[in-house]
Amino acid sequence: MTTRTEPIISVRNLDKDYGATRALGGVTLNILPGQVVGLLGPNGSGKTTLLKHIVGLLRPTRGHVLTCGSEALELGGEQMAGIGYVSQDSELVDWLTVGETVDLARSHHPTWDPELETKLMETFALERGKKVGGLSLGQKQRLGIVVGVCHRPQLLLLDEPAASLDPVVRQEFLDLLIDLIQDGERTILISSHILTDVEKVVDQVLIMDEGTVHCFQPLDTLREEYHRITLTALDGALPAEIRFTGQKHLARDESGAVVTVHNPDARLVREEAEALGCRVGMRHLDFEEIYRLVVTGK
Amino acid sequence: MSRRVKISSLYLRNRPLLGLSFFVPALLAIPFFILAGRGADANLFLQILSLGSLACGTAFFLASSQREMMARAFTFLLPGFRRGMLGQHLWAVALLALLTVILALVLPSFAMLPTAPAPLATSLVGYMVVLYALTVLLVFHFPYSTWLPFNAVWVVWLATMFWGKTSPATLARLLDQPLIWGAVAVGCGWWALDRLARPGLHRRCVEQPYLPVAHMKNPARIEKFKQARNRSGKAENSERRPGVKLMGKVRAWAVAQHARGHRSRGLLGEAIGLFLLTSIPRRPARGLLLLLGVPLMVVILGYYESYNAALADPVLPGYFGGFPFMWVYWTVQGFHSLKNRPLGLLHARQDQLRAGWLGALSVLAVCLAGSGAIWLMNLAADAWLPTLQVGSRYLEFVMPRAYLPWLPLTYVPVTLLVFSRWSMKGSAMVLQHTGSISFFFFHLMLLLGTDAVRGAAIGIAVGLWLVWPWVWRWRVYRTDLA
């Protein structure tokens, strides 16, 4: 693992307005080299807009984005050669063939890995002679992945790369990602709605909603922080008021309750439960539950 | 790194239509070669104009192919992509400059000029570079640049009409300014190169919707492009256009009335309803432009007719009075043709022929009403406008010739036929272009032709009127109901 502390991506007070609509509001974050970050959030939360700012495809309304040490708006050829971007809607040139698209990408990238290209073309069953415009959405996404990763970029940005892939190819894509992560030097920012996939590969989680960052921390820490407490009344009825330290959410019925708490102290929880006259069970939240809690508060 | 893939070669292989569009302006260079063969007698202005067409055509071809690729985010992160683009332009300009220098030194018409060969070649190369750079900038910044080569015909035509008889002495004076041409060329060239090299232009190309040349015949693609453009426009500018809210309400009411009533109303009622519906302008700013622009054109062109008639060798006398009519026809007729199309779809098959006739007549009625209004404007202008003194000349307002109100009768069926053939849902632009061509055709035939030519024009129009509803019915039945 690298020991460099200078961030590879640095976002400062980033705002983006589309007319009267605010897509991003005051986003500030640093991503260090070697981190694998899962970018999560509901539709329209600003994930794609943030990724486009990082590669310099959008001009901020306010604020700054530094990518690979340079202003994202002014990235030079050297920095661009180290960035891979797989966009959500595979923005490729429809009238080129698959082969021409790959050739075009290869001829511009000095670090292109032909072996990886061959492997991915075979794995993804892409025919070189087919026109891009005639490919299905899933096939376009596969091609987008080929041209986005075969130069083995140091910074890889993936905007819902597996959304249109079938389960088999998705698994192969995940294997590829894990392979790319192995060397520990590569920074990957992956936006996805498929939480089970994200969970397998990321070590940091960035959750956005309505254009703002709700949470950005290591996945393991996140898992450690949130617990679900199950309360069962010992005498048949729960007290009217249930309050735990760090309580985030409470769901209850006549005889039992489920309380979601942040950073609980197990001993304190047991004491509080005893004071309420309840039997207590405690477990970690799974990733999907944490996500839902952060985004919806439930 | 493997050998750099040439964008232009990808283009020529995959996009023959764009290659074809390149030849629209490039074809304009043909007179150059014909005239060049005539030696010293050749028209020097046309030769220079043809060279310019060649520069513009080349610039258009390269810049359009590049813009299509730049519109995709995939290319934004290809290192060296923009440098490759610049290299292609430099090669193209170098070849054009070489061609220009050779021609300037070789052709007898240029050799006859009193300007020395070196300044002459410098000025001509400067002229080519200026045109090339400006075309490239126009292609990258103008959202409708796809249409540029198809409109180039009119630019060349008007330039020839106005300056076609410029004397070699005048041209020699213009070309004897190598320093000025050189400086302007360096300025324009640097401007274009600087813009191309910056990521900002690439970013703009990705953000801004663009209609590739090959999609011009695809109604669905054009519709998609227009929707994307409207969305993009709204995103960029949240300010409401004045009057839009009120007009929107009026339109919404009319649309609701139309939807509610179409089953119960007869065909004639339907035609009248559509006529009224399409008469409510969707964009008040355009309506206002027409309202203010037409009287202004009537006045300016009425005086220009007087100026033209006083020339020793007048250019197409009587022609300019027709321009306000043409402008109205372009806008109104294309729009009404488009909006009247649903008429046939709302009725049974046996009524479609009648629906076609009614639709066509309503379009014609709009055009004739427009003609009448412009004619009244001309009458008022003729009665009230004073004689102007410009230098030593006296200019009087001149009325358009009396054939003009007949123009819609000849002009409308051509456009309707094209409309039937193409069924351009949601896009009146091609219609307007076709309309302008047919307008020029009939305009000139009626204005300049002999009685036999005028009779032929009217005969063609009558034939088209008879054929049109059948073609229309066949198209509607085949494409929309099948």
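**A helix and its two partners**

Author: In this predicted model, the axes of helix α6 (residues 81-106) of chain B and helix α11 (residues 178-197) of chain B come within 9 Å. They cross at roughly 155°. An angle over 145 degrees counts as roughly antiparallel. Therefore α6(B) and α11(B) are roughly antiparallel to each other. Their crossing is right-handed. On the α6(B) side, B:Arg82, B:Met85 and B:Leu86 make the contact.

From α4(B), the contact takes in B:Leu51, B:Leu54, B:Ala55, B:Thr58, B:Leu62 and B:Gln66. From α6(B), it takes in B:Met85, B:Gln88, B:His89, B:Ala92, B:Leu96 and B:Thr100. The residues of this contact divide into 7 nonpolar, 5 polar and no charged.

The contact with α4(B) has polar residues, 5 of them.

Step back to the whole chain. Chain B has 22 helices and 2 strands. It counts 482 residues, and 36% of them are buried. Take the contacts in chain B with a separation of 6 or more: 78% of them join residues 24 or more positions apart.

Chain A has another make-up. There are 10 helices and 14 strands in chain A. Of its 298 residues, 42% count as buried. For contacts in chain A with a separation of 6 or more, 68% come from residues 24 or more positions apart.

One sheet in chain A deserves a walk-through. It is open, has 4 strands and runs in the order β12-β13-β11-β14. The pairing is antiparallel. At the edges stand β12 (247-252) and β14 (278-284) of chain A. Each has a single partner strand, so one side of each lacks a neighbour in the sheet. Neighbouring strands are turned by 20° against each other on average, with direction ignored.

Follow the pairs. β12(A) and strand β13 (residues 256-262) of chain A are antiparallel and share 5 bridges. A:Ala251 has A:Val258 of β13(A) as its bridge partner. Helix α9 (residues 266-276) of chain A packs on this sheet. It touches β11 (226-233) and β14 of chain A. The direction of α9(A) makes about 150° with that of β14(A). A:Gln247 stands opposite A:Val261 in β13(A). Between β11(A) and β13(A) there are 7 bridges, again antiparallel. There, A:Thr232 stands opposite A:Gly256 of β13(A).

Other strands of chain A pair too. Strand β1 (residues 9-18) of chain A and strand β4 (residues 62-67) of chain A run antiparallel over 5 bridges. A:Val11 is bridged to A:Val65 in β4(A). Next, 2 bridges join β4(A) to strand β5 (residues 70-71) of chain A, also antiparallel. A:Leu66 has A:Glu71 of β5(A) as its partner. The hairpin of β4(A) and β5(A) has 2 residues between the strands. A:Cys68 takes a positive phi near 55° in this hairpin.

Last, a loop. A:Gly34 lies between β2 (21-31) and β3 (36-40) of chain A. A:Gly34 counts as partly exposed because it has 19 C-beta neighbours inside 10 Å. A:Gln154 is 120 residues away from A:Gly34 in sequence. In space, the two are 8.6 Å apart, C-alpha to C-alpha.

Notes
Residues numbered from 1 in each chain as written. Chains lettered and ligands numbered in written order. Predicted model: local features only at pLDDT ≥ 70, side-chain atom pairs only at ≥ 80, totals over all residues. Axes fitted to C-alpha atoms, helices over the stretch in contact; angles between N-to-C directions. Contact = placed C-beta atoms within 7 Å. Nonpolar A, V, L, I, M, F, W, Y, C, P; charged D, E, K, R; others polar. Pairing = 2+ DSSP bridges. Buried ≥ 20, exposed ≤ 12 C-beta atoms within 10 Å, placed from the backbone. Parallel < 35°, antiparallel > 145°, perpendicular 65-115°, else oblique. Left-handed = near helix turned anticlockwise from the far one by under 90°.
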